[in-house]
Amino acid sequence: MKTWIKSGEPWIWATAGGIAIALVAVLGVLWLTAARGLLHFWPAMVAETTYVEKDGSRIRLIGEIKEQEEVAVRRLIESGFKIESTDKFTTRYLLKLGNRDVHGFDFKWYPAPLLSEFTYPQDLITVERREWGNFYGHLKAVKENGQVVAEGVAALPELERRIQRASELFQKIFHIEKDEIGDLNYEMERLRLKEKKLQLQGKLDEPARTGMEKEREALNGKFGALQARLEKLRGEIGRDSLSAEVMNGQIVDVPLEKVAEAYRPNAMGLVDKVGYYFRKLYAFGTENPREANTEGGIFPAIFGTIMMVVLMSILVMPLGVIAAVYMREYAKQGPLIRIIRIAVNNLAGVPSIVYGVFGLGFFVYFLGGSIDQLFFPEALPAPTFGSPGILWASLTLAILTLPVVIVSTEEGLARVPRSLREGSLALGATKAETLWRTVLPMTSPAIMTGLILAVARAAGETAPLMLVGVVKLAPSLPLDGHFPYFHLERQFMHLGFHIYDVGFQSPNVEAARPLVYATALLLVLVIVALNLAAISLRNRLRETYRGLEGM
Amino acid sequence: MNDPHSNLQTIAGAMRQRLLIDSLFRYVMVLGGISVIVAISLIFFYLASVAYPLFKPVKVDAWQSFAVPGGKDGQTVHLASEEQREIGARFTDQGVVHFFNLHDGVPRGEFRIAFPPGVAITSFAAGDPDHYTAAYGLADGRVVVVGQKYGTHFDADNRRVITPEIDYPLGETPLEIDPQHAAIDRLAVQSSDEGTTLVALTHDGRLLLTGLTATTNMLTGEQSVEKSGSTLDKVEGSIQQLIVEVKQRELYVAHDGRFITHFDITDKSAPRRIQTQQVVPEEESISALTILSGGFSLIVGTDKGSLGQWFLVRDAENNYTLTHIRDFKPMPGRITTLAPEYFRKGFIAGDTQGNLGLYYATAHKLLWRESVGKGNILAAETTPRGNGLIIQSADGKLYTAQVDNEFPEVSFSSLWEKVWYESYEKPEYIWQSAAATNDFEAKFSLTPLTLGTLKASFYAMLLAVPLALFSAIFGAYFMAPGMRKVAKPSIEIMAALPTVILGFLAGLWLAPLIENNLAGTLLVFVVLPMVIMAAAYLWHVLPESLTARVKPGWEAALLVPVVIFGIWLAFRIGHPLEAAFFGGDMPFWLTHEMGITYEQRNSLVVGIAMGFAVIPTIFSIAEDAIFSVPKHFTTGSLALGATRWQTLQNVILPTASPGIFSAVMIGLGRAVGETMIVLMATGNTAVMDLSMFTGFRTLAANIGVEMPEAAVGTTHFRLLFVSALVLFAFTFVVNTAAELVRQRLREKYSEC
């Protein structure tokens, strides 16, 4: 043993332990997000059990078991549970009881000693609603205008049919409200700004005024017609409802206009579950969020992230490459350029929040404010570009990631062998031609690596975006059918901020948690994929030049 | 067609074009490159330019002087001005109010206050400047309350016209204060929408308190004034000044040259005398007294020129005592006049030598001092926005000036030292940038934020440095190439993981987990090394036929299951341990038995989460440094008979130490500026302790939280820029130092 210690072998094992811990941590984080994120879409069984209240009475509980953990009995007793047990620790379950409108709460921890056995009755239904979260209960009947049309076994197929109908109507209403009325509002606003602009220029004369008045009247007419159609559809959609027995024995009516989906999780087979899983996965990526982002999909966040990253790439690519080419090919290689190179390199280490502060102060308030004064005086005091938006966010992140692109491109330029340049110049090519035809194409993998790393960093960066343009719920996408199609001044949603906001600012964190894990998983996947791409590209690049080095 | 000449021409033309493109390309690249570099360096200069105004000295300029408007109508008792810094008002002891232009002294109206004929004016009082209330006390025991009104309208050319006026908020008929009709010698007034309080000292020495509440009858619209009052306890000696604070709950009586007596006058019919406090030393006497905006702090000026701040401080028994808070830099002469700013905690002081000083209470600072006119300063006032001065000098002139003093709150002591804020029990370090009320004293102590930043980095580095360096040593020196191919990218991927995800996991998964398994978590730090060592020894004693199957350099892979087992084991024994020694609940035990506050989102959680965020940064740079130590160093050492560990310890680590140092520095830079993890995994309260079980607020998280809400251009906004600048400068300097060290190292080895 003594010689073993003396040999230094234990130290080697200690260093090995360090790397083992780091690896476990990496894998742990990835596994945790993956396991929790992927589980979110699996249809959960709905359990039924009973619980002993403080006064000794037993009540029935119906809900999904979301979590369980071992907890100190003392802490439970302190929080008011009456537990007679000599154990110091016991298990407690987090039940998602749903029916927020009926009970007032939908998540609650229950200690195991006060619960009876869990059962999973086949006829329990889970109703996903557009408001108030999930609903659980025993389906009793389906009603039309308050009259029962199906009961017992016949109720479920009837319910599915009617939900189908309600969903179609809902889509129509949604289309009118969002698209058609949205278009009208947009036109109205455009008209108002046009009038204000003319007024500011002193050109608002009688013919212009009457013309605009006419336009406005026409729009109002259209609006009235849409309102009437909406009224009719709303009447139709409110026709059906289902009634079900909830956990306290009450029979509750749920109007189908609020129902997104209803199913019997305990009766589902594996095939159904898999089908459901992929349907939910798809909806997650393509739907809009509901209920203060705690339900539904994250499409706007994905869209916003992608659009911001694309914009940022368009900005950062040329700038980074030009700066790198200048520094490596044109600038005099003296101490000054060395200092600049170190400085640029170090900018990558400056905290991202600092860039956010810069973006907010310089881009948003200074540049944006000036643009508003010059080009959008008619909209003032409401800011157009003078408030956080996707353009400023992209610009800020472009500056943030510029060092990454510059460093990577410079590295690539340095790797191109001298012999190639000299060959090109010897054949009579100008320096520009050499760069453009020979050097830059050979550097393109390095440039791509830099860009991918920049994109990976930008996609995950959250802190600066909170200052320069990200919001929890953007009313409209930065890209839509209204001229000029790209609305660079608009605020947008972003995956990283979505995680922060839903996980920490949401009123119902428990309800939102699985969704946050799913969002986190998506973000991790995107970033890991981008980084792996960059790594493999870098390796390929090295392979390519290894062959050239002998030349 | 085949003209060789034209052919040559085309060739020459093409050549020219190529050269043109070449130089164009050159220009684009040089210009573009330089502008990108300039744009990047703009960040620093822009941040600095926003932060700079905070530290600019106060500027007082655009001085104007003119003969005192209505100079012959008696002595000045009060000066005032309106918000736009256009018109000033001068109240005289004869009951005349002169309005005049502040920039040239041209009269803008003169109002003679309506007094009953034949009754002399015996005293004057001004209320809180913001409310524009003043009152004259008469020789027959009555009082006239006067208000100023500044009506604004726009004329035909869209120019702003301000019309000053006098009004009588409580009616033109003087109010009877003393039923015995004695002359009123001293007076204090305070008036708001809720009511008016008047305190009068009669010629025969009685202190009379009167509360007036105006109520409007909802049906008839008739106004009626409800009056309540009482006589206050006698105060010994001669009374110099009476001050009622703006909320009309406290009365301060300055008397006998050195004392202030404090009354609680919340109930106007039953005032209580609280205490008498000597506020200046024996050899000095009070020569001026005023109360700062908000109605908390008294500023006492003496005949020797000293200036002291006093306010009520609550003690443990809930009693309020008038307490000396701080002294300001004294004025050269006897203080003749003191005037508070309208909305901030600043004040101005004039003395007998004609000096005027501009002070700020919270910042504990004399902002500016100069002599004005000749002789005594008779009266001085600031304009409502604190951007102007009106001064009457004994030389018979009125002086006005423009003041550029937007950020008086900032001083070294207010940013970095303990400050005794109004209504606090003792001096404290506090960051509190906003509150609901207007008379809020902004608390901008950067100390707790800086401490929080250091605390966060300390706990993160405590975990990250050993782990990352161990990993780097093994990774660069011992690890088999096959494993390196997998392990290195895996750890580096972690550097790319968005910190928002780490923060989210730390806040919502790790924090509750640790709270529930505190003993287990702490045990991990003990159990893990033990388990690893045990595994290593076991490997050592295992028969060689078994161990030889695993090539050296794969030890880490063998340890992965061991580490998982160790963590599992620590958590497994954690709960029974808590049950046996800590009553089953360690956080509870800590709080109640040990008196250590336990917060769910604490430094331990951040240390772990941020530690793991920093590990890859340190790892990859340190690994690089160790790996780049030339192979012949190692082979030489090994050939001389040193063991692997001896070689590492005596040859490799010393050579690579600058690189390792720079790795740690860059890791520190990352920890200091990290925002999302800290934001999500702590409670973000700015506290001043170093406990592992409490949270903190860092500079970066503070920016993230407050920047979107900060109003542009305010002190708060600019201080956040200062924080950003500090972060920028710190990380930049640290990274540059690290980079230089690294470059030197690289050059050294490239020669070998």
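User: What distance separates the centres of domain 1 and domain 2 of chain B?

Analyst: The centres, taken over C-alpha atoms, are separated by 52 Å. This is a predicted model, in which local features need pLDDT of at least 70 and side-chain atom pairs count only at pLDDT 80 or more, while totals for chains, interfaces and linings use all residues. Residues are numbered from 1 along each chain as its sequence is written, and chains are lettered from A and ligands numbered from 1 in the order in which they are written.

User: What makes these stretches of chain B domains?

Analyst: Domain bounds come from an automatic or database domain assignment. For chain B this gives domain 1 (60-74 + 281-427) and domain 2 (447-751). Chain A is assigned domain 1 (2-39), domain 2 (40-66 + 95-187 + 232-287) and domain 3 (299-548).

User: How many residues of domain 2 of chain A are in contact with domain 3 of chain A?

Analyst: Nine residues of domain 2 of chain A are in contact with nine residues of domain 3 of chain A, a contact being two residues whose C-beta atoms, placed from the backbone, lie within 7 Å. The C-alpha centres of these two domains of chain A are 43 Å apart.

User: Why are β19 and β22 of chain B said to stand at the edges?

Analyst: The open sheet has the order β19-β20-β21-β22 (chain B), with antiparallel pairing. Strands pair if DSSP finds at least two bridges between them. β19 (286-291) and β22 (320-328) of chain B each have a single partner strand, so one side of each is left without a neighbour in the sheet.

User: How do you know that β20 and β21 of chain B are paired?

Analyst: Four bridges join β20 (residues 298-302) to β21 (residues 307-314) of chain B, and the definition asks for at least two, so the two strands count as paired. Within this pairing, Gly301(B) has Leu307(B) in β21(B) as its bridge partner.
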